[in-house]
Amino acid sequence: MIIEFTVGNFLSFKEKKTLSLKATSITEYKDSTFTIGKNKLLKSAVLYGANSSGKSNLIKAMSIMKLIVMTSVEKSSISKNKVIPFLLSTESENQPSFFEVVFLIGKRRYRYGFELDSEMIHGEWLFELKEKKEIPLFIREKDGIGITEDFEEGDGLESKTRNNALFLSVTDQFNGIVSGKIIKWFNNWVTISGLRHENYRGVTFSLLEKKNSKAKLLDFFKDLDLGFNEIKLRKEKFKKHLLPNDLPSEILEDIVSDLQGKTVARIETIHQKFDDEGECVGEVNFDLRERESSGTNKVIDISGPIFDTLIDGGILVIDELDAKLHPLMTAAITNLFNSPEYNSKNAQLIFATHDTNLLSYGHFRRDQIFFLEKDKYEATDLYSLIEYKEDNIKIRKDRSFEKDYITGRYGAIPFIGNFDKLLSNG
């Protein structure tokens with residue numbers, strides 16, 4: 001589980017900013033929290049802000065941290081790290097980017113992070129909390145790697161660690177126990193796009209092939225009233241006519257070449273057919289991609305990663321969750337993570353949205369709501385509603401959060417110019 005994620009000097013983040021999933025002492029919506037040991041955490045966090053405020057950049061920071069951890073040892077000595085610092089300041093443009101996450105594995109609390117630029121790792125550290133005190137396992141600086149007796153698995157591996165590779169990833173390659181657990185934890189931290197959702201249909205396929213997970217997905221689809229009663233998977237040899245008709249010819253040729261002779265899976269939704277007296281007389285199968293709406297396609301596509309996370313108790317991060325979805329569908333998805341019934345493994349959801357309706361009926365606590373906005377230097381700031389104060393007074397839980405946000409009370413909204421004046425000058 002994530003406790004905190006911090007990023008600095010990356011894309012629009014100049015200074016270090018922290019997304020905290022530590023639950024505060026407020027009392028609303030207790031089902032939205034869970035406790036492990038002495039850690040009381042949030043099951044979800046929602047990110048609001050204007051276009052280009054930094055929401056996607058925060059999610060990219062999470063994604064790139066995981067990518068660097070998972071692929072570090074695969075790189076050659078001349079490979080580049082894919083990080084871009086805050087480029088709008090001479091102070092930061094040539095400095096390393098900063099990534100750090102505080103997390104739980106079971107009841108053990110770790111803090112792991114690193115600083116790097118495209119060429120090399122400038123710093124790396126791993127701490128474990130023991131008896132209320134953080135104990136360093138290793139600390140890496142430019143001039144070397146210091147290992148404590150609590151991290152024996154790293155002994156002798158300092159010289160095997162390239163300047164552009166993470167020490168944690170190297171110790172995992174040599175079967176380190178602690179590092180292996182941490183790498184596995186990162187693997188359960190999944191980031192997806194709400195716009196390019198077709199990429200995740202394979203995960204949905206795999207869950208629909210398993211009896212228990214299929215039942216959970218079908219129950220969820222029925223609750224959303226998508227119009228069908230059943231789903232069928234159909235596997236068949238690839239044929240050109242299975243592809244959408246509107247694909248550009250050059251893309252069509254590449255896909256046909258890649259899939260020729262392979263088996264592909266298709267989803268069909270089962271709808272009831274009625275006579276003129278309203279009696280059900282049979283069923284009709286619809287191809288999901290061709291006959292269902294883009295919203296239904298998205299719900300089914302992302303339901304795989306959603307339920308995979310809920311079943312395993314992982315972390316799911318979604319950018320543009322609300323794209324193509326009715327507000328009630330977005331709320332239904334987010335409520336899965338706040339539900340003790342569906343989320344028995346304490347999975348966590350972090351998502352970006354423009355759907356302000358969730359501020360009214362999404363059942364979010366004030367410490368689950370985060371805002372992002374840029375200052376006059378185009379650097380992103382990040383703050384939660386529980387932190388926000390007016391005249392040094394915190395926002396009460398009985399306020400209309402949606403109305404307040406739309407009217408600009410909390411910031412993090414776009415500044416719209418005077419269109420009437422613009423039109424009158426035409």
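This is a predicted model: local features need pLDDT of at least 70, side-chain atom pairs count only at pLDDT 80 or more; totals for chains, interfaces and linings use all residues.

Trainee: Which residues in helix 4 meet helix 5, and which ones do they meet?
Mentor: Thr204, Leu207 and Leu208 of helix 4 meet Ser213, Lys214 and Leu217 of helix 5. Contact here means heavy atoms within 4.5 Å. Helices are DSSP runs of H or I with at least four residues, and strands are E runs of at least two, numbered from the N terminus.

Trainee: At what angle do helix 4 and helix 5 cross?
Mentor: Roughly 115 degrees, and the axes of helix 4 (residues 201–208) and helix 5 (residues 211–223) come within 7 Å. So helix 4 is roughly perpendicular to helix 5. Axes are lines fitted to C-alpha atoms, for helices over the stretch in contact, with angles from 0 to 180 degrees between N-to-C directions. Under 35 degrees counts as roughly parallel, over 145 as roughly antiparallel, 65 to 115 as roughly perpendicular, and the rest as oblique.

Trainee: OK, new topic. How do helix 1 and helix 3 pack?
Mentor: Their axes are 10 Å apart, at an angle of about 135 degrees. That makes helix 1 oblique to helix 3. Met65, Lys66, Val69 and Met70 in helix 1 meet Ile183, Phe186 and Asn187 in helix 3.

Trainee: And which residues touch the most other members of the largest nonpolar core?
Mentor: Phe5, Leu58, Phe99, Tyr112, Leu126 and Trp189, out of 51 residues. Helix 1 (residues 55–71) gives the largest share of this core, eight residues. A nonpolar core is a set of buried Ala, Val, Leu, Ile, Met, Phe, Trp, Tyr and Cys residues joined through side-chain atoms within 4.5 Å. Buried means under 20% relative accessible area, exposed over 50%, and partly exposed in between, using a 1.4 Å probe and protein chains only.

Trainee: How much of the chain is buried?
Mentor: Buried residues make up 49% of its 426 residues. The chain has twelve helices and 20 strands.

Key
Residues are numbered from 1 along each chain as its sequence is written. Side-chain values use heavy atoms; hydrogens and water are left out.
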